[in-house]
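Subject: A structure for you to look at

Hi,

Have a look at it first, then read on.

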Amino acid sequence: MDWLTAHHLGGIAIGICTFLIIGLFHPVVVKAEYYWGTRCWWVFLLLGLAGLAGSVLLHHLLLSSLLGVFSFSSFWTIKELFEQRERVRKGWFPMNPKRKHEY
């Protein structure tokens, strides 16, 4: 990681990793809502809080930044879970037939 700092590539690395983290969370939201509905929102809250704590405690700027991105992506996922439920109700995404009673 010192190589990134020495070559002034930390910002680019943070940007690429931010793109990948946000991209990872989209299918996670879809799958989580399909299998568990909105009941699993608290898991993302705990992940967000853990990432936030790690971001505050770490002294390494790159890792701290990435944990902050992960943390707030986890918080945003809570909102997206509830919006995903609405998208499923509208028929934009498939409904889990085992959970039809929840819709």
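Which residues line the largest pocket? In this predicted model, the lining is made up of Ile22, Phe25, His26, Val29, Phe72, Ser73, Trp76, Thr77, Glu80 and Arg87. The space inside the largest pocket amounts to about 160 Å³.

H2 and H4 each contribute at least two residues to the lining of the largest pocket. The largest share is that of H4, with 6 residues.

Now for how those two helices meet. H2 covers residues 10-36 and H4 covers residues 61-89; their axes come within 8 Å and cross at roughly 30°. Angles under 35 degrees count as roughly parallel, and H2 and H4 are therefore roughly parallel to each other. The crossing of H2 past H4 is right-handed.

H4 has another partner to look at. Helix H3, residues 41-57, has an axis that comes within 8 Å of the axis of H4, and the two cross at roughly 160°. An angle over 145 degrees counts as roughly antiparallel, so H3 is roughly antiparallel to H4. This crossing of H3 and H4 is left-handed.

Stepping back to the whole chain, the protein has 4 helices and 0 strands. Read from the N terminus, the order of elements is α-α-α-α.

And the overall dimensions? What box do the C-alpha atoms fill along the principal axes? Roughly 55 × 25 × 15 Å. The radius of gyration of the protein is 17 Å, whereas a compact globule of 103 residues would have one near 13 Å.

Happy browsing, and write back with any questions!

Best wishes

Definitions and conventions: Residues numbered from 1 in each chain as written. Predicted model: local features only at pLDDT ≥ 70, side-chain atom pairs only at ≥ 80, totals over all residues. Heavy atoms only, no water. Axes fitted to C-alpha atoms, helices over the stretch in contact; angles between N-to-C directions. Parallel < 35°, antiparallel > 145°, perpendicular 65-115°, else oblique. Left-handed = near helix turned anticlockwise from the far one by under 90°. 1 Å grid on protein atoms, 1.4 Å probe; cavity = no way out; pocket = protein on both sides within 12 Å on 5 of 7 lines; lining within 4 Å. Points joined across faces, edges and corners; volume = space filled by probe spheres on them. Rg over C-alpha atoms; globule rule 2.2 N^0.38 Å.
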